[in-house]
Amino acid sequence: MLVFIDESGHPHPNDSTKNPILLSVCIHERDVKHITNQIYKIKDAHFNRQDELKSTSLIREQTITKNRTRNKAFVDDFVSAVCSFNITVFAIIMSQPKEPLLMNGDTLPKQYHHLLKKVEFFCENHHYDKAIFVFDETNERDDQKIVEAFTGFLFKSRLGKTFDRILEMPLFVSSSLTPAIQIADIFAGIVRHYYEHELDKKSPETDFEAWIAELFKIIYSRTENNTWPGQPRKKEYGFFYMGSKF
């Protein structure tokens, strides 16, 4: 099982996002070729090129208000095609903190604890052997920090030591060259807009909100709630609102 990770927004008081999102897309190895092929065909049909397309340029109000029909059609086809496969999506929804988070360099942020726990329980309940986490590379220094925090959590923390389904060596890839990371990016952008427009609490009031709500519905259909191992009454929800409890 490959687990592609991306964020939309960052939990910092100076970040422009109200509800940062950490999201994972779990894909079976056997489906990677077929999903990648579908993305290739959709990009070729709409843009006649294979460049990386970021959620920030696609999932925006101007796509609707300025009638950028090609962008909208691409996103519609992209989300529909990817979600037609047997993928599983998990998401952590955060609130913008009022003060900068104080984190040690080798400490894995709490939102990652929640996400790893969802993947671990998912793999255990479905009897999947190992999950390989795949991150969008940034730079060597920051990537090394993630590796140290990731492995430190698995090797040192009480919760992490109980996990045996997550491979202890995460991978880093270029999002411009790896379509599956682009899936996580676009999905995370949609989920962020859904919560920032408070569509979990109200009906859509604009055409943009209606579009986001429809896309979110499709993505949400690919999540899964799991039970804790040995505790069948205890639920681990696929989409988790942690707010500002960092």
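1. Does phenylalanine 239 count as buried or exposed? Phenylalanine 239 is buried, at 10% relative accessibility. Buried here is under 20% relative accessible area, exposed over 50%, and partly exposed in between (1.4 Å probe, protein chains only).

2. Basis: this is a predicted model, where local features need pLDDT of at least 70, side-chain atom pairs count only at pLDDT 80 or more, and totals for chains, interfaces and linings use all residues. Residues are numbered from 1 along each chain as its sequence is written, and side-chain values use heavy atoms, without hydrogens and water.

3. Aromatic pairs come to 18. The rule: ring centres of Phe, Tyr and Trp (its six-membered ring) lie within 6.5 Å; planes under 30 degrees apart are stacked, over 60 edge-to-face, the rest tilted. Tyrosine 194 and tyrosine 195 pair edge-to-face, at 5.2 Å centre to centre and 80 degrees between the planes. Both tyrosine 194 and tyrosine 195 are buried.

4. Phenylalanine 216 and phenylalanine 239 also form an edge-to-face pair, with 5.7 Å between centres and 90 degrees between planes. Phenylalanine 216 is in helix α8 (residues 207-220) and phenylalanine 239 in strand β8 (residues 239-243), so the pair ties together parts 23 residues apart in sequence. Helices (H or I, at least four residues) and strands (E, at least two) are DSSP runs, numbered from the N terminus. Phenylalanine 216 is buried, at 6% relative accessible area.

5. One aromatic cluster is formed by Tyr112, Phe133, Phe135, Phe150 and Phe172.

6. Lysine 234 puts its charged end over the ring of tryptophan 228, 3.8 Å from the ring centre. The criterion is NZ of Lys or CZ of Arg within 6 Å of the ring centre and within 35 degrees of the ring normal.
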